[in-house]
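Dear colleague,

Please find below the structure that I am handing over to you. My notes on it come after.

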Amino acid sequence: MQRFTLPRDLYHGKGALEALKGFTGKRAVICVGGGSMKRFGFLDRAERYLHEAGMETCLIEGIEPDPSVDTVMKGAKRMAEFQPDWIVAMGGGSPIDAAKAMWIKYEYPETSFVDMCKVFGLPKLRTKAKFCAISSTSGTATEVTAFSIITDYTNGIKYPIADFEITPDVAIVDPELAHTMPIKLVAHTGMDAMTHAVEAYVSTANCSYTDALAIHAIEMIQADLVKSYSGDMDARDSMHNAQCLAGMAFSNALLGIVHSMAHKTGAAFIDHGGHIIHGAANAMYLPKVIRFNAKNETAKKRYGVIADYMHLGGKTDDEKVDLLIAYLRKMNDALNIPQCIAHYDAHGLPAEKGFVPEAVFLERIEDIAKNALLDACTGSNPRQPSQEEMVKLLKCCYYDTEVDF
Ligand SMILES: NC(=O)c1ccc[n+]([C@@H]2O[C@H](COP(=O)([O-])OP(=O)(O)OC[C@H]3O[C@@H](n4cnc5c(N)ncnc54)[C@H](O)[C@@H]3O)[C@@H](O)[C@H]2O)c1
Ligand SMILES: [Zn+2]
């Protein structure tokens with residue numbers, strides 16, 4: 001038996017934010033990030049709509065990118081004081097993910113972060129509050145997913161919390177919120193969405209329900225991501241929907257080792273001055289992982305189907321895999337995303353010399369590989385790597401060398 005779970009309601013299209021006017025409840029806590037939602041007037045509007053709905057509101061502001069366990073615990077405390085019956089999280093993946101974890105702690109104050117990370121092991125939520133997610137970036141699709149990614153800065157590791165209990169009750173996918181994204185964010189989040197769709201399509205947990213969503217998302221992202229990056233606002237609107245479709249696919253089909261590696265490298269070099277931003281990490285690792293996974297016949301065929309839907313040409317599946325890899329690399333170039341860690345600077349842009357020193361990378365590689373193998377996304381990858389293979393893959397992601405094993 002397989003399960004397919006999505007939010008009960010999805011409001012999409014321009015003006016979808018107004019759906020908040022129809023909410024019923026007494027108290028809503030609004031969780032936001034560093035200020036973009038306030039600066040562009042979306043926070044004011046959300047508050048106004050909730051007041052129109054007769055609700056009292058309270059703000060949890062300043063949730064940082066790649067939110068920490070500490071932020072989650074502090075936010076849950078605020079929720080315990082205010083006792084909301086709605087949690088409305090607004091912004092990119094970071095504030096929405098943090099709010100999801102706060103929700104767990106609010107409903108079950110005794111829960112520790114370690115408890116939360118037990119895959120599909122959460123108790124029933126919604127005994128105190130329902131959850132509405134409003135996305136302002138076009139990539140993570142956390143507004144529809146069963147995941148939340150929280151970083152433990154004591155060891156520099158990102159942990160996915162995975163359970164259908166944290167799939168939001170309501171998702172609001174209003175493209176106006178994505179119009180204000182700077183283009184680097186468009187590029188990174190867009191390639192995150194592409195990776196979600198491709199990994200979901202070849203995941204061992206795929207099914208017809210998720211395939212349809214993943215393939216359509218891939219076609220839309222191929223058509224619109226570079227255009228959106230170049231300033232075409234209709235394409236930007238389309239990308240907001242495409243990433244959401246990709247999210248519906250991967251929330252139910254799960255992901256693969258591109259994400260395992262992105263989670264485990266993301267905060268691993270923070271002591272050297274930067275994060276490897278989630279979407280950029282995926283963009284760099286995806287072509288390498290496709291080459292690795294294509295040794296599995298089923299995966300190779302599925303990559304071939306993706307290439308066909310993208311009209312890339314090629315006669316055999318091997319040719320199609322080559323063309324798919326080349327196409328994705330070309331997208332990275334068009335989006336000004338580096339091809340490997342050695343050329344990834346502290347701001348996520350291509351550079352002659354990246355911010356992660358070679359010696360430090362090699363010193364940490366065994367641990368990173370071990371942690372990546374343990375990541376919740378590894379289990380559904382179509383080819384299970386050994387520790388040695390994971391180390392080799394990570395080296396290819398650092399140096400941009402051929403994956404020939
Ligand atoms: N839960 C999931 O299913 C899932 C999936 C993939 C990634 N993630 C996680 O999500 C996080 C990344 O999220 P993200 O890529 O959405 O970015 P983010 O939420 O970290 O935001 C990045 C920056 O963009 C700004 N920003 C957000 N929206 C904006 C807008 N419309 N206009 C201008 N600025 C804006 C924010 O203020 C912030 O400074 C990572 O922690 C990643 O691991 C979660
Ligand atoms: Zn992702």
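This is a predicted model: local features need pLDDT of at least 70, side-chain atom pairs count only at pLDDT 80 or more; totals for chains, interfaces and linings use all residues.

Residues are numbered from 1 along each chain as its sequence is written, while chains are lettered from A and ligands numbered from 1 in the order in which they are written.

The protein chain holds 14 helices and eight strands; these are DSSP runs (helices H or I, at least four residues; strands E, at least two), numbered from the N terminus. Buried residues account for 54% of its 405 residues, where buried means that 20 or more other C-beta atoms, placed from the backbone, lie within 10 Å of the residue's own. The C-alpha atoms occupy a box of roughly 60 × 45 × 40 Å along the principal axes.

Around ligand 1 there are 29 residues, of which Gly-92, Gly-93, Ser-94, Thr-137 and Phe-147 come nearest; a residue counts if its C-beta atom, placed from the backbone, lies within 6 Å. Helix H4 (93–107), strand S6 (147–152), helix H6 (183–202) and helix H10 (278–293) each give two or more residues to this shell.

In helix H11 (residues 297–309), the buried residues are Ala-299, Arg-302, Tyr-303, Gly-304, Ile-306 and Ala-307. Their cover includes H6, helix H7 (208–229), H10 and helix H12 (317–334), through contacts defined by C-beta atoms, placed from the backbone, within 7 Å. After H11 comes His-311, with a positive phi near 55°.

Yours sincerely

Conventions. A residue is buried if 20 or more other C-beta atoms lie within 10 Å of its own, exposed if 12 or fewer, and partly exposed in between; C-beta atoms are placed from the backbone. The expected span of a helix is 1.5 Å times one less than its number of residues. Two residues are in contact if their C-beta atoms, placed from the backbone, lie within 7 Å.
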